[in-house]
Amino acid sequence: MSVGLDFQESRLRAIVEPFENGNYKKALQEANKVLKKTPSCTSAKALKALTLHRSGKVIEANLLADELIKSYPTDESTLNVIMCYLRKTGQGEKIAKFLKSSLEKSPNREDLLVCLFLHHVQEGDFSAQQGTARLLSQNFPSTSYCYWVIMSTIMQAEADPIMGQRMYLPLAEKMLIREAEGGKMSRHSELQVLIDLLTRLHKYEEAYKLLNRKDITDHIDAEDYICDYSYTKLSLLAHLGMWDDLYELAKSQTEINPEDWTPWKKLIEASLEDIQRVEKVMSLINTVITNHPSARGPHLARLDLYANTLNLGIHLSCNYDPLKLMLDYFNIFCHKPICSMDLAYLVRMVLPNSDDQIKYVSLIMEIAETGLDFTNNEDKAVYRLLCAQQIARANNQGASLQSLLRYYFGYAPDRSEVLLKKLKDATIKNETTSLDLYPVDGFLLLSLSSLLEASYPADKCSFSFGSGLLAVYWICIVGLEYTKVNHHLRIKLCRLYYDFLNCPELVLPQLNTLEIKQLLFLSLGHLLVKPSPSLAMCTSILPTQSQNDDITSVHSLYQKIVSLSASMVTEAEEFLVAAYRKHAYTKVREFTQFVSQLRNADVFVTVRVEMLHWELIISQSDFDTLLEQLGQGRANIDNVSKQLKTIVDCRDFSVTPNFDQYERQENVQLSFDHLISWLNLRCLTLNAVVHGTSLVMSIVKVEHRMISENQHETVGNVSPEAVNCLNDLLLTLNDLASRSKEPFKEELSSFKSLSWSVMKKRDQILKTYSDLPDISCSSLYYHGPYRSVLSIGIKLMLELHSLVSQSPSTFTEKSMDYLLQSLSDCFLATKCVSKDVDLPEIYPAINTSLLFSPKDVHISNGISNNNDLAHPGGILLILTMFYESISLATLLISMIRSALRPRSHFLLEANKRQKRKNKKDKMRSTITDHSPIFSSLDYIGAGLHHATVKLITITDQLADVTDSWCAWCRDAACKEFQLLASNACQHVLSEEFLAQHPALIPPNCSFEEISSAYEKCYIRIASGLRVKSSYLQNITTELAVYQSGNHDDHVSISSP
C-alpha cells in the first residue's frame, strides 16, 4: 500500500519501493542500511517505524515513532511519513497536535500550515479547516488559499444546515460575487461553485443572469477552456418557469443528440403544467422521431409523456393509440436487451385497462413467435422472444416453466446433449466459449424465477425445499457450466446459498468470478454480509493453522472487508485533498459526502460490528483474557456506535431484475430497518460488556478494600458512570425489543412459535428483498434467550454494585434467586415468572427437545416426508443463536465470578487455614456472622454456582443435538437432498419433457457440497458449545468455595 509520498532521494526510494510492494523485510533491511550510514536521517527512521508496524512489531514501532515525534522534525519527507504512520496506525487525533507543536517551533512554515489544513479536510473538521485556511490566506496571500477559505465556509453548512442557510452560505456568496465582479475568476470550477451556491440559496434568477454575463464567461473561457453550460441553464430555466427559453434550448440540444435524455426529461417535467405545452412537446417528439426513426430517446420520451398525461387526466387534441405506440416501440427495439426494462413496468401506465394489457402481451408474443425457428439462434432473434417473455412475466402473463425451458434448450440444444453425455462420462469437456452473457441464458433466469415462485409460500407448498435445491443444481450444472462468468446466474446462486439454504461459505467461491472488488462491495455487499450470525456459524473459536491459512473463509473475508474499507476511505480522502490542491472545487462537496458514505456504509459498519462481536463475545469465555482484548476494542466500539447513528444504505437490488409482476420497494426500507435493529442489539451487547467491565473492576477494588481493612459495615464508593451507562443500556434494550416490528403475526408471539416457524420454514430464512420472511434474525434474538441473558447479566452486575456501594438492605434474596434462576431457565420452555417480584417477565426459549434429532423427522427408508421436514438451515440458525446466547452467558458469568473473586480468594485461604487448625465450623462462623455484605456476596456466589451447573447441562444437551444433525449431514443429507430435488423436478415438469431432457433431474451426489457445508457448520457449533461447557466447568470449580456451611440451604435449582 502506498504511503502517498514522492521521494527524490534514491536512498529513500530504496526503502519505499519494497514497502509499497509489501516486501517489509526488504524495506526494513534498506532502512537499516540508510540509518547505519546516516543515523540522523529522520525520514529513514520514520519509514522504519512504519515498516515495523506493518511487520507486526507494534511495540518496537511505537517506541521509535514516539522518539521521533518528540524531536518535532520539520523536513517535509519526515513530516509526511509521520502523518502517514499516525493515520495508518489509527492515531489520527495526534496529527493535529504534532503539526501545531511543529508550527510553534517553525511559525513561518507555509508547508506545515498546508499539512494542517489538509489534515482537517480529511478529518471533516470544517471549522478548524476554515481557521487554518484563513491563516494561510492572511500570511501567504494566494488565490488558492482564498478559495480554500470559501470552500471551508461552504462546507460548514454541511455540519450545520440551519446556520448554513443563515450565515455560512450567504458569507461564501459575498466572497464569490466579489471574485466574479472583480474579474478574478480564472477557472470554470470557481464559477460553477458560485452557480451551485446560488442554486442552493434558491437564487435561480441571479445564477441565470450570471451565466449570461459574457464579460465573465468569455474571460474564463480564455483563461481556462470553453465550457458549455446548457445543462445548468436547462435546470435554472425549469426552476424559473421560463418555458419559451427552456423549450428552445432543449430543442437545440435534441437536434444535436436525440438520444440525450436530459433535455427530454426537463421538457416533459416542465410541460405537464399546461396542455398547450404538452401538445408542443409531443409535436417536437414526433418531428424528431420522423428525422431519427431509430433513435430510442424520442420514442421513450413519447411513451413517458403519454403515461404522464394519462396519470394527470390530460386529454390531447390528437388521439394517440397507446397500443400502437407500445407495439411500435417493441417492433423497433425488441432486439436490444434494454427494451424489456423500458416496457416491462410501463405497460400498466400506458395501458391502465387490464384487457388492453392482456391484448398487448398477446400481440407481442405473437410477433415474437411468428416464424419461430430455433435454428436461427442469432442474438436479435433470441432477444426478441426473450423480451416478449420478460414483459409478459412482469405483467402476470408469463409462460409456464416448461415452455421457458423448451425455449432455452430449443435455442441451445447442444447443452442438453452435452449434459446427458457428461452424466455418463464426467471427463467430457464443453466446447463452448466463456462469454460474459449468452442471450439464451435469459430463458434460464426466467425459468428459475418461475420455479421458485411456484414453491411460494413455503409453508403451503409441499416441494419448496426441493425447488430451492433444484434451482441450485440448474444454475451450477445447466447454466454456469456454459457461461462461467454470467453474473446474473451467479448472483442468483449467491442468494439461494445464503437466503434459502443459510450456507454463507458456499457464496465465497463465487467472489473471484463475480469480481466483487472495491466499490462493488458497497452495492453488492449485501450478498455476502447479512444481519445474521454467519461469522459464529462459519468460524471455529478453536485456533487451527488451517483456519488461519484459509483465505476463503468467512472470517478472512470479513478481515479483508475491514482492511478494504480503511484503504477505500484513505483513497477517497486523497481524492478530496487532490480536489483542493488541483482547484477542482466543484468536486469538494461531492468527495466529502463520498468519504462520509464510505465511512458509514452499511456493509462496512456491519462487518466491523460482527468482527467485534465475534472477537469480544463469541471467542472470549474468560474475563481475564477479555481485559487483554479491550484496549483497542473500546475505541473501535465507540467508533461503530457513532457510525451506526449515521449508517448509509448502499445496497443495490436492481443488478439482476427478476421481472416480477410487482416491485415491493417498501421492503427495501423494511429490510434496512431489520439491519439497524440487528446492529443496535450487537452494539448494545458490546457496550454492556465494556461498561460492565468498568463496573466489575470498581466492585473488585471495593471488595479488596473492605477485606484488607476488615470493613464489614462501611461500604466503599463506586464510580456512578458505569452504573448510569448500564441502566441506560437496559432501558434501550427494553425499548428496542418493544419497538421490534416482529413477530408480525399473533401466532408467532412466543419464542417457541418463532423457533418452530424458522425450523419449518423452507425458504427465505435470511432474505432481505424483495419478499421478506415472517421471521428475521433480530426477532429471534430480541424475543429469545440472547436478549434475556444480556438483560439478566446487566441486572446482576447492577445488583452487585448496589450491594457494595449502597447498603445491604438493598439486597433481597428473592430478587437474586429470580435473576439467577432466569439465567438458566431462559433456555427452557418454562417461564420464569414470580408475582412477588417486581421485575419484567423474561422471554422464554424453546425446550431443547424441540431441536429434535433428524431421525425423528425422516422416515425409515431414508426418504424425507417433505411436509414434516425441518429445514437444516433453519435448525443451524437456531442452534447458532443458542450458541451465541451460551457464549454471552458464559462471559457474563465469568465477569460476575471475577467481581466475587476477592471474596472467593478470602474464603479459600480461610478454609486452608481452618484445615490446618482443624477448626472449620468456628472459623466459618467468624467469617460470615458479622458481615451482612459478605453474607450477601456468599449467597450470590452459591446461587451463581447452581445456575452455572444447570447451564452446563443445557450446553451439553445442545452439543449432543448438534452432533446428531452433524451425523445426519454426513450420512444421509446428500441422498435426501437429491430425492427432494428430484421430487420437485417431477412435480413441476411432465414425464414427457423430462424424458426429452433427463439431465434436468439431479443425479446422485449432486448436493455433496451443500451437505458438507452444513456438516462443517454443525461441527463448529458443537465444538464451540463444548469449549463453553469447559469454561463453565472451570467457573464452577472456583465457585465451589461457596458450596459449604450455611450455603447448603440455598435455593435448589433442579437440572433440566
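Start by selecting Asn353, which caps the N-terminal end of helix H22: one of its side-chain oxygens lies 2.8 Å from the backbone nitrogen of Asp355. Before moving on, note that this is a predicted model, where local features need pLDDT of at least 70, side-chain atom pairs count only at pLDDT 80 or more, and totals for chains, interfaces and linings use all residues. Residues are numbered from 1 along each chain as its sequence is written, and side-chain values use heavy atoms, leaving out hydrogens and water.

Next, select the whole of H22, residues 354-369. Helices here are DSSP runs of H or I with at least four residues, numbered from the N terminus. The expected span is 1.5 Å times one less than the number of residues.

Now colour Gln357, Tyr360, Val361, Ile364, Met365 and Ala368, the buried residues of H22. They lie on the same side of H22, because they cover an arc of only 130 degrees around the axis; the arc is taken from the directions from the helix axis to the C-beta atoms. Buried means under 20% relative accessible area, exposed over 50%, and partly exposed in between, with a 1.4 Å probe and protein chains only.

What do these buried residues pack against? Show helix H19 (322-333), helix H20 (338-343), helix H21 (347-350) and helix H23 (379-394) to see their partners. Then turn to the other side of H22, where Asp355 and Glu366 are exposed.

Just after H22, stop at Gly371, which takes a positive phi of about 65 degrees.

Note on methods: Helix = DSSP H or I, 4+ residues; strand = E, 2+ residues; numbered from the N terminus. Contact = heavy atoms within 4.5 Å. Polar contact = N/O pair within 3.5 Å; in protein donor to acceptor, adjacent residues only side chain to side chain.
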